[in-house]
Amino acid sequence: MKRRAWLLTCLLACLVIEVPVAAAQAALNEGQGHPLKGTWLGDWGPNKNDRTQVLIEMDWDGKAVTGSISPGASPIRFTKAELNHNNWTVHLEAVSEGVRYAIDGRIENLGLASRSIVGTWVQGNQKGDFKITRQ
């Protein structure tokens, strides 16, 4: 009985590991490239009623994620961009005119072309949540 429970546990652990990896591979096979590459549209804000539209463009140069955020008229280049492929979390930073941006999120629906990133957005002394979807 213990052996059967152990085998079942191992099987479930393999599935937990394999499903996100398979989703990422499916995205690559469909020509979507790096999981962050593309144009992302959405909004952020401190509450449901106070939202700011944002555009984020990301690329992969083979070594690093590059790109910019556009919470207004002019794009702001990333000073830091990281993807943790173990848990599909994203960390982005940028600075413009003394205002620091820090964006932390998790990729949702990784296997889909229209995947989203959801998380926390800090802009200067303002903090809120955000959701952006890849176009």
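Strand S1 (residues 38-45) pairs with strand S8 (residues 126-134) in the antiparallel sense, over six bridges. Within this pair, Asp43 stands opposite Lys131 in S8. The model is a predicted one.

Strands of a sheet pair through backbone hydrogen bonds, either parallel or antiparallel.

S7 and S8 run antiparallel and are joined by eight bridges. Ile117 stands opposite Ile132 in S8. The hairpin of S7 and S8 has two residues between the strands. In that hairpin, Gly124 takes a positive phi near 65°.

Strand S5 (residues 89-96) and strand S6 (residues 99-108) also pair in the antiparallel sense, over eight bridges. Here the bridge partner of Glu93 in S6 is Ala102.

## Trp121

Trp121 is found in strand S7 (residues 116-123). Its relative accessibility is 0%, so Trp121 counts as buried. Beyond four places in sequence, Trp121 touches residues including Trp44, Val54, Ile56, Ile69 and Tyr101. Lys127, Gly128 and Phe130 are also among the residues touched by Trp121.

The side chain of Trp121 makes a polar contact of 3.2 Å with the side chain of Gln123. Trp121 and Gly105 are 16 residues apart along the chain, and their C-alpha atoms are separated by 8.4 Å.

Thr52 lies in strand S2 (residues 52-60). At 30% relative accessibility, Thr52 counts as partly exposed. Leaving aside neighbours within four places in sequence, Thr52 is in contact with Gly42, Asp43, Trp44 and Pro71. Thr52 and Phe130 are 78 residues apart along the chain, yet 9.3 Å separates their C-alpha atoms.

Ser70 belongs to strand S3 (residues 65-70). Is Ser70 buried or exposed? Its relative accessible area is 12%, and under 20% counts as buried, so Ser70 is buried. Not counting residues up to four places away in sequence, Ser70 touches Gln53, Val54, Leu55 and Pro75.

## Charged pairs

Side chains of opposite charge can pair when their charged atoms come close. The count here comes to five salt bridges. Arg51 forms one with Asp43, with the closest N and O atoms 3.1 Å apart. Arg51 counts as partly exposed at 26% relative accessibility, and Asp43 counts as partly exposed at 21%. Asp43, Arg51 and Asp129 are linked in a network of salt bridges.

Lys80 and Glu82 form another salt bridge, with the closest N and O atoms 3.8 Å apart. Lys80 is partly exposed at 35% relative accessibility. Glu82 is partly exposed too, with a relative accessible area of 40%.

Glu93 forms a salt bridge with Arg100, the closest N and O atoms being 3.5 Å apart. Glu93 is buried, with a relative accessible area of 18%. Arg100 counts as partly exposed, at 43% relative accessibility.

Methods: Residues numbered from 1 in each chain as written. Predicted model: local features only at pLDDT ≥ 70, side-chain atom pairs only at ≥ 80, totals over all residues. Heavy atoms only, no water. Helix = DSSP H or I, 4+ residues; strand = E, 2+ residues; numbered from the N terminus. Buried < 20%, exposed > 50% of the residue type's maximum accessible area, 1.4 Å probe, protein only. Contact = heavy atoms within 4.5 Å. Polar contact = N/O pair within 3.5 Å; in protein donor to acceptor, adjacent residues only side chain to side chain. Pairing = 2+ DSSP bridges. Salt bridge = Lys/Arg side-chain N within 4 Å of Asp/Glu carboxyl O.
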